[in-house]
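Here is a short briefing on one protein model.

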Amino acid sequence: MERYDLIIIGGGVGGLVTASGAAQLGARVALIEKASLGGDCLHYGCVPTKRLVRSAKVAHIMRHAGDFGLTGTSLTVNFSKVMQGMRQIQEIIGRHDDPERFRKMGVNVIFGQGRFIDSHTFEINGEKLYGKNFLIATGSRPAIPDILGIKDVDALTNESVLQIESLPETIAILGAGPIGIEYAQVFSRLGAKVIVIEKMGQILPREDKEVSLDLKKILQEEGIEIHTCTDVKGVSKDGSKKVLQVSCSEGESKFVVDEIMLSIGRAPNAEGLGLNAAGVQYNNKGIP
């Protein structure tokens, strides 16, 4: 049985930084990842979204060039090239997360899906590893709400949305937290009609009300339709369109869009690790 000072489960930012630091301090380290190194930041978060935000900002500035005394031809958005540019940036930055880079530091990088046998033993690919210490850094995934019909309409998440190749004419974003609002402005500035639906009484529910109201005004002035205190009761397909049945204080209504994007929270990646065997308590919000 291979023995390690530290076994890290999860090759995202938290796992990679810890692996690098521990190895350079002389610890014997194993890093376990089920897919590819880089985590949300590289694949679904900071890197791709900030590139999209930049493209959307340039489009917005070009549309308002006249405000600065500049005139020219009208703007045309090539969405496929926008996405291609985003992926090129991912590829360049992803080189820093090359497994061989960490192996040269002395980290044993192992790919696969494993589970705890007990509090000091982790089994993966048929091999048992002994760890004096463990770091569980498996991150989270988009939460899927319990909405009637949601699993039948191929709703997008912050992960799958990065795979689309054409800009939807209309898109409804469920959830007005940071991710939902970020994508709302990106899609709107690139030319889509965006409808934001939020169950709580304001966008960015965790932020100060004054900040929320000011941002809501800015977004509405940019053409984004925002509905707060609105609950989605069900979704369905109507040909190529997707229909949302919603309810608010003013009654019930519906929206017909090309795409639906879910942005209502996160769920922990804790299943299948055998955490109970290791004596680790967890719930639907993660490890306390």
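## Salt bridges and packing in brief

Searching the whole structure turns up 13 salt bridges. The model is a predicted one.

**Salt bridge Arg95–Glu91**
- Arg95 and Glu91 pair in a salt bridge, and their closest N and O atoms are 2.9 Å apart.
- Arg95 has a relative accessibility of 53%, so this residue counts as exposed.
- Glu91 has a relative accessible area of 46% and is partly exposed.
- The cut-off explains the two labels: exposed means over 50%, and partly exposed lies between that and the buried limit of 20%.

**Salt bridge Glu100–Arg103**
- A salt bridge joins the side chains of Glu100 and Arg103, at 2.6 Å from N to O.
- Both residues sit in helix H5 (residues 99–104).
- Glu100 and Arg103 are three residues apart there, so about one helical turn separates them.
- Glu100 is partly exposed, at 40% relative accessibility.
- Arg103 is also partly exposed, at 33% relative accessibility.

**Salt bridge Lys237–Asp154**
- Lys237 makes a salt bridge with Asp154, with 3.4 Å between the closest N and O atoms.
- Lys237 belongs to strand E11 (residues 231–238), whereas Asp154 is in the loop between strand E7 (140–142) and strand E8 (170–174).
- The pair therefore ties together parts that lie 83 residues apart in sequence.
- Lys237 counts as partly exposed, with 46% relative accessibility.
- Asp154 is exposed, with a relative accessible area of 52%.

**Helix pair H3 and H4**
- Two packed helices are described by the angle between their axes and the distance between the axes.
- For helix H3 (residues 46–63) and helix H4 (residues 79–94), the axes come within 9 Å and cross at roughly 140 degrees.
- H3 and H4 are therefore oblique to each other.
- The reason is the cut-off: roughly antiparallel applies to angles over 145 degrees, and roughly perpendicular to 65 to 115 degrees.
- The crossing of H3 and H4 is right-handed.
- On the H3 side, the contact is made by Val47, Pro48, Arg51, Leu52 and Ser55.
- On the H4 side, Val82, Met83, Gly85, Met86, Ile89, Gln90 and Ile93 take part.
- By type, the residues of the contact of H3 with H4 are eight nonpolar, three polar and one charged.

- Asp154 is not a glycine, yet its phi is positive, at about 55 degrees.
- Asp154 is found in the loop between E7 and E8, and this residue is the partner of Lys237 in the salt bridge described above.
- Leu204 is another residue other than glycine with a positive phi, near 45 degrees.
- Leu204 is found in the loop between strand E9 (193–197) and helix H7 (209–221).

**Thr121 and its surroundings**
- Thr121 lies in strand E5 (residues 121–124).
- Thr121 has a relative accessible area of 8% and is buried.
- Which residues does Thr121 contact, leaving aside its neighbours within four places in sequence?
- Thr121 is in contact with Met1, Arg115, Phe116, Lys128, Leu129 and Phe134.

How values were computed:
Residues are numbered from 1 along each chain as its sequence is written. This is a predicted model: local features need pLDDT of at least 70, side-chain atom pairs count only at pLDDT 80 or more; totals for chains, interfaces and linings use all residues. Side-chain values use heavy atoms; hydrogens and water are left out. Axes are lines fitted to C-alpha atoms, for helices over the stretch in contact, and angles run from 0 to 180 degrees between N-to-C directions. Helices (H or I, at least four residues) and strands (E, at least two) are DSSP runs, numbered from the N terminus. Angles under 35 degrees count as roughly parallel, over 145 as roughly antiparallel, 65 to 115 as roughly perpendicular and the rest as oblique. A crossing is left-handed if the near helix is turned anticlockwise from the far one by less than a right angle, and right-handed if clockwise. Contact means heavy atoms within 4.5 Å. Ala, Val, Leu, Ile, Met, Phe, Trp, Tyr, Cys and Pro count as nonpolar, Asp, Glu, Lys and Arg as charged, and the others, Gly among them, as polar. A salt bridge is a side-chain nitrogen of Lys or Arg within 4 Å of a carboxyl oxygen of Asp or Glu. Buried means under 20% relative accessible area, exposed over 50%, partly exposed in between (1.4 Å probe, protein chains only).
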